[in-house]
Amino acid sequence: NSIWVSTDHDEIEKVAKQFGAQVHRRSPEVSQDSSTSLEAIREFLNHHHEVDIVGNIQATSPCLHPSDLIKVADLIQKEGFDSVFSVVRRHQFRWSEVKKGENKMTEPQNLNPAKRYRRQDWPGELYENGSFYFAKRHLIEKGYLQGGKMAYYEMRAEHSVDIDIDIDWPIAEQRVLSFGYFGKEPLKEVKLLVCSVDGCLTNGRIYVTEDQKEMVSYDYRDMVGIDLLKKRGIQVRLISERDCSKTLSAMQLGCIAKVSATNKLQVLEEWQKDMGLSWKEVAYLGNEESDVECLKKAGMSGVPADSCAVAQKAAGYICKSNGGCGAVREFAEHIFLLLEKVNSARKQ
């Protein structure tokens with residue numbers, strides 16, 4: 001009936017409202033590092049007596065699909081369950097822990113080593129994965145997210161993503177591209193990548209010789225990335241605010257380029273219209289304030305790791321590589337993951 005974001009952060013509130021959510025401002029008492037989701041939900045209910053059922057969706061599980069949530073809501077509204085939570089099936093053999101210094105042997109927990117079977121032949125076990133918890137109001141008021149007439153909802157393994165520590169991020173990013181929900185509108189293949197020259201293709205540094213000739217450096221990996229994009233049928237175009245035509249000519253990239261561009265968005269819109277592309281078919285890699293509007297318009301947007309803060313906020317993907325140090329190649333790989341997603345959707 002309504003979608004709320006619970007937060008005590010101004011920027012999160014702003015973004016939530018941009019996407020159409022309502023915002024509940026959390027009190028300092030339930031915004032501590034030690035605060036639990038249950039505490040925040042109970043506070044919310046104290047301010048919203050009209051709410052009978054709460055679906056608590058965890059922000060750390062980015063592969064949720066609407067169809068799953070609709071089925072879970074039906075379990076409560078139509079089949080009479082008081083609480084439903086998400087689980088995933090795992091095929092892992094468990095052994096008892098032996099603490100350092102204990103004179104004990106480990107023991108099998110869920111297998112018989114004498115009759116060890118292949119994991120793919122074993123039905124596995126259900127583990128709570130933390131993606132969501134649905135519960136009726138009376139349970140939550142008593143301090144429970146799980147209780148009463150309970151049911152679990154088994155999620156597909158590819159949708160079960162939990163970001164817990166920093167090394168989970170790259171896995172989650174790939175899972176979202178491969179299995180995430182991208183809305184009802186069909187995904188489009190990227191057909192054009194526009195890349196800012198200074199700070200993306202190069203590291204932004206300009207070396208000047210004694211005879212006043214300019215030199216820049218670039219990473220060969222980025223040249224390979226551009227070549228791979230072309231082989232996949234994606235046109236690559238370059239844009240720069242300064243006149244770097246001699247530099248681009250020396251690099252022999254074979255890409256259409258617009259230099260001395262005072263209005264990058266205007267150039268991007270002209271290219272998009274001339275090629276007859278929708279914005280979802282356009283990717284943009286930028287790094288400066290002058291790139292922000294282009295990053296917002298493009299269907300897929302990225303910035304190098306050392307780009308300015310406003311550009312990072314506008315981008316959908318932040319590379320781990322700096323400008324001129326493999327960022328173009330990395331963003332190309334990011335685009336290839338989306339193409340795999342598109343091809344997979346077509347096969348289905």
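These legends describe close-up views of one predicted model. Local features need pLDDT of at least 70, side-chain atom pairs count only at pLDDT 80 or more, and totals for chains, interfaces and linings use all residues. Residues are numbered from 1 along each chain as its sequence is written, and side-chain values use heavy atoms, with hydrogens and water left out.

View 1. The domain assignment gives domain 1 (52–90 + 123–165) and domain 2 (192–346). Such bounds come from an automatic or database domain assignment. The C-alpha centres of domain 1 and domain 2 lie 41 Å apart. Asp-74 sits in helix α3 (residues 66–77). Helices (H or I, at least four residues) and strands (E, at least two) are DSSP runs, numbered from the N terminus. Between the C-alpha atoms of Asp-74 and Arg-242 the separation is 58 Å, and the two residues are 168 apart along the chain. Asp-74 counts as partly exposed because its relative accessibility is 25%. Buried means under 20% relative accessible area, exposed over 50%, and partly exposed in between (1.4 Å probe, protein chains only).

**View 2. The six-stranded open sheet.** The strand order is β11-β10-β7-β12-β13-β14, with parallel pairing. Two strands pair if DSSP finds at least two bridges between them. The edge strands are β11 (256–258) and β14 (317–318), and each pairs on one side only. Strands β12 (residues 282–285) and β13 (residues 300–303) pair in the parallel sense over three bridges. Here Ala-283 of the model stands opposite Met-300 in β13.

View 3. Strand β7 covers residues 192–196, and five of its five residues are buried. In a regular strand the side chains alternate between the two faces of the sheet. Leu-192, Val-194 and Ser-196 lie on one side of β7, Leu-193 and Cys-195 on the other, and all are buried. β7 pairs with β10 (residues 235–239) in the parallel sense over five bridges. The bridge partner of Val-194 in β10 is Arg-237. With β12, β7 pairs in the parallel sense over four bridges. In β12, Val-282 is the bridge partner of Leu-192.

**View 4. Aromatic pairs.** The structure holds seven aromatic pairs. Rings of Phe, Tyr and Trp (its six-membered ring) pair if their centres lie within 6.5 Å; planes under 30 degrees apart count as stacked, over 60 as edge-to-face and the rest as tilted. Phe-132 and Tyr-153 form a tilted pair, 6.2 Å centre to centre, with 50 degrees between the planes. This pair links distant parts of the chain: Phe-132 is in strand β5 (residues 125–136) and Tyr-153 in strand β6 (residues 150–155), 21 residues apart. Both Phe-132 and Tyr-153 are buried. Elsewhere, ring pairs link Phe-93, Tyr-117 and Trp-122 into a cluster.

**View 5. Charges over rings.** A charge sits over a ring if NZ of Lys or CZ of Arg is within 6 Å of the ring centre and within 35 degrees of the ring normal. The charged end of Arg-90 sits over the ring of Tyr-127, 5.2 Å from its centre. For Lys-149, the ring is that of Phe-81, with the charged end 4.7 Å from its centre.

View 6. A disulfide is a pair of cysteine sulfur atoms within 2.5 Å. By this rule the count comes to zero. For Cys-244, the nearest cysteine sulfur is that of Cys-195, 11 Å away. Cys-244 is buried, with a relative accessible area of 2%. For Cys-325, the nearest cysteine sulfur is that of Cys-319, 12 Å away. Cys-325 is partly exposed, with a relative accessible area of 36%.
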